[in-house]
Amino acid sequence: MFESFIVPEELKPSDPRFGVGPSLVPESYIQSLLETGKSVLGNSHRKPAVKNLCKEIQEGLTKYFNLPNGYEVCLTNGGATFLFDMMGLGLVEKSSVHFTCGEFSTKWYKSHKMIPWINAEQRSVEFGEGINPEVVSGHDMICCTLNETSTGVMLNNLPTNKPEDVLLAIDATSGAGQIPVDMSLVDVYFFSPQKVFASEGGFAVCILSPAAIARAEKVWNTERYIPEIMSFKQLIDNSRKNQTYNTPSVSTLFLLNEQVKKMNQLGEETVVKMAKEKADHIYNWAMAKPYLNCYIQDEKFRSLSVATIDLDDKYVAADLTKVLRAQNVVLDIDSYRKLGRNQFRISLFHNITLEDVKKLTTIIDLAIESIK
Ligand SMILES: Cc1ncc(COP(=O)(O)O)c(C=O)c1O
């Protein structure tokens, strides 16, 4: 199906990368990296060239998220998946409760479940549905996912009645930056930067509240064995020195800093507004076309950063994505592999323009309407 479909020249997006991560990295950032010559890449991460980069990222994110006093921006290798285990080992005292609605939130739950000396409980809904976190007595950490990348569900409400000795931890990986959150309600806010923050994988930002820092210290001072590389003590101590515990990818830091600067020029409010415009366009389009459907039925859970759109079974989404890839016009809009739906999953990340999203939806319409 769609083999003879050719994308008209005038509809080709300015960039084919619509994937949900690794996401579009602007070529201008790569050019800027080239222009640094010998002054950044290949420099020690314990010396000013790279430490200043870390400092700029930490200060830039503090400004962007308007962090309350006492919150610290920490930087680590390993990515969000690494932090799942790190939190189970180093922040949960006795028990965590996980609000799960897809692949990544479930993975986090499973990683805590494997640790013999803590308890982990799951509160789940079917894939395609959303669930907001709540306080559940008996648990000292609440774990939830700001944007479930596998299904395109975002959170829309956080608990405001949390007791002081309970931490709220949010995996913000594909939502950070364009799904707004009241940071004063959150204790651990972490994300990998290869999504909205247009950088590379294998790295993570972890923002900690004073309560989270105190908890890390408390757990560290118990008998519990925590590998050095997974220790919050190392994470916090090194981040305070604008460093990472072990050697980071310097290009990843560079790209992340470029994106933080770009987003700070606009401010979070404007970035969120731009995300909303793209989300409105895509969901209105899906509702207007007889052959499309929004996968997420409950509007308030529909993501501002990852849109999941089902296609009528008369047409095969995978055939169309293959044809678009072969023409190098649109890349990586396939449904999450384990979800197995006849679906397009489209990134609305900050660097993807509204104009390009409009071109993409027009391309899909043309292709489908060309089938008799
Ligand atoms: C919501 C969410 N959490 C965690 C991860 C895992 O991130 P990483 O591969 O950087 O460890 C992803 C990756 O896509 C994600 O989307």
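1. A crossing of two helices is left-handed if the near helix is turned anticlockwise from the far one by less than a right angle, and right-handed if clockwise. By this convention α3 and α4 cross in the right-handed sense. Helices (H or I, at least four residues) and strands (E, at least two) are DSSP runs, numbered from the N terminus.

2. The model is a predicted one, in which local features need pLDDT of at least 70 and side-chain atom pairs count only at pLDDT 80 or more, while totals for chains, interfaces and linings use all residues. Residue numbers start from 1 along each chain as its sequence is written.

3. Helix α3 (residues 79-90) packs on helix α4 (residues 103-113) at an angle of about 40°, the axes being 9 Å apart. Axes are lines fitted to C-alpha atoms, for helices over the stretch in contact, and angles run from 0 to 180 degrees between N-to-C directions. This makes α3 oblique to α4; angles under 35 degrees count as roughly parallel, over 145 as roughly antiparallel, 65 to 115 as roughly perpendicular and the rest as oblique. F84, D85 and G88 of α3 meet K107, W108, S111 and H112 of α4, where contact requires C-beta atoms, placed from the backbone, to lie within 7 Å. The contact of α3 with α4 comprises two nonpolar, three polar and two charged residues. In this classification Ala, Val, Leu, Ile, Met, Phe, Trp, Tyr, Cys and Pro count as nonpolar, Asp, Glu, Lys and Arg as charged, and the others, Gly among them, as polar.

4. From α8 the contact draws on E277, K278, H281, I282 and W285, and from α10 on L354, V357, K358 and T361. Four nonpolar, two polar and three charged residues make up this contact of α8 with α10.

5. The domain assignment, which is automatic or taken from a database, gives domain 1 (17-25 + 267-369) and domain 2 (28-266). The centres of domain 1 and domain 2, taken over C-alpha atoms, are separated by 26 Å. In the contact between them, 30 residues of domain 1 touch 31 residues of domain 2. On the side of domain 1 that touches domain 2, two or more residues each come from α8 and β11 (306-311), and α8 gives the most, with five residues. That side of domain 1 has 16 nonpolar, nine polar and five charged residues.

6. Strands β10, β11 and β12 form an open sheet of three strands in the order β10-β11-β12, with antiparallel pairing; two strands pair if DSSP finds at least two bridges between them. β10 (292-294) and β12 (343-347) are the edge strands, each with a single partner, so one side of each has no neighbour in the sheet. From one strand to the next the twist averages 30°. Five bridges join β11 and β12 in the antiparallel sense, and V306 stands opposite S347 in β12. Helix α8 lies across β10, β11 and β12, running at about 130° to β10.

7. Most residues other than glycine have a negative phi, and most peptide bonds are trans. The peptide bond from G21 to P22 is cis, with omega near 0°; P22 lies in the segment before α1 (27-35). A198, in the loop between β8 (188-191) and β9 (203-208), has a positive phi, near 50°.

Note on methods. Two residues are in contact if their C-beta atoms, placed from the backbone, lie within 7 Å.
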